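Me: I have a new structure open. Can you walk me through it? Start with whatever terms I need.

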Amino acid sequence: MFDFDFIYTAFLIIAMTVLLVKEFMEPDLVVFSTLVLLTAGRVITLSEAFSGFSNHGMLTVAFLFVVASALQRTEILNILANRIMKQHGKISNKLIRMMFPVSAISAFFNNTPIVAMLIPVIKQWARKTGNPLSKFMIPLSYASILGGICTLIGTSTTLVVHGLMIENGLKGFSFFEISRVGVPTALFGLLVIILVGHRLLPERKPPLVELGSNTREFVVEMKVNEDFR
């Protein structure tokens, strides 16, 4: 009923999913090993296995990661975040100052590096101002996701689909073609989170912030011997 290719591929996909969920190995190693095993089992040819690396969308994603790395080294986003985020005001006002700029930046850069660069900044700001960090982490992620659906290069998924369309003889997307749907959707999503969504998030503060004036600072010095195991 089922041939070898079907059973072999299904087994590899299930094994890959389990490894990814359990996090026994690095995700890139798991996925690449699955690709190699599919090639070794002659389910796909060698050219098919590596054809994705020549996809226009994937190459663009790689270039965007280089640009994002340059932004991280120059710390431009850190400077902007420190200028945008204020200490006083309601949670909604702070979310407006955070989410709209993040969405605007995410429309032109890959989402993952932007969130990775801003998480330490938001954490430090929340610690200094006593704001609950739990009210800002999920909105930060959603702001980058919503901004990513506004342009062609905003998210890697759109770029990969664009590359597949070109490979199959279709025209592909223009840079702002999806903006007609993406921008209204992003604005609606941002407003929902700012006005309603943050109220559903728990208000958790770091232990030191919750203790307030009852905290005391200590300096601890420890020495590790050479025979320590």
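Reply: Start with helix span: the expected value is 1.5 Å times one less than the number of residues. Helices (H or I, at least four residues) and strands (E, at least two) are DSSP runs, numbered from the N terminus. This is a predicted model, where local features need pLDDT of at least 70, side-chain atom pairs count only at pLDDT 80 or more, and totals for chains, interfaces and linings use all residues. Residues are numbered from 1 along each chain as its sequence is written, and side-chain values use heavy atoms, with hydrogens and water left out.

Me: How many helices and strands are there in the protein chain?
Reply: The protein chain has 11 helices and 0 strands.

Me: Take α9. What should its 12 residues span?
Reply: Helix α9 covers residues 156-167 and should span 16 Å at 1.5 Å a residue. Its end C-alpha atoms are 17 Å apart, which agrees.

Me: Which residues of α9 are buried?
Reply: Thr158, Leu159, His162, Gly163 and Met165. Buried means under 20% relative accessible area, with a 1.4 Å probe and protein chains only.

Me: Where on α9 do they sit?
Reply: On the same side, because they cover an arc of only 160° around the axis. That arc is taken from the directions from the helix axis to the C-beta atoms.

Me: What comes just after α9?
Reply: Gly169, with a positive phi of about 85°.

Me: New topic. How many residues has the largest nonpolar core?
Reply: It has 21 residues. Such a core is a set of buried Ala, Val, Leu, Ile, Met, Phe, Trp, Tyr and Cys residues joined through side-chain atoms within 4.5 Å.

Me: Which element gives the most to this core?
Reply: α7, with 6 residues.

Notes:
Buried < 20%, exposed > 50% of the residue type's maximum accessible area, 1.4 Å probe, protein only.
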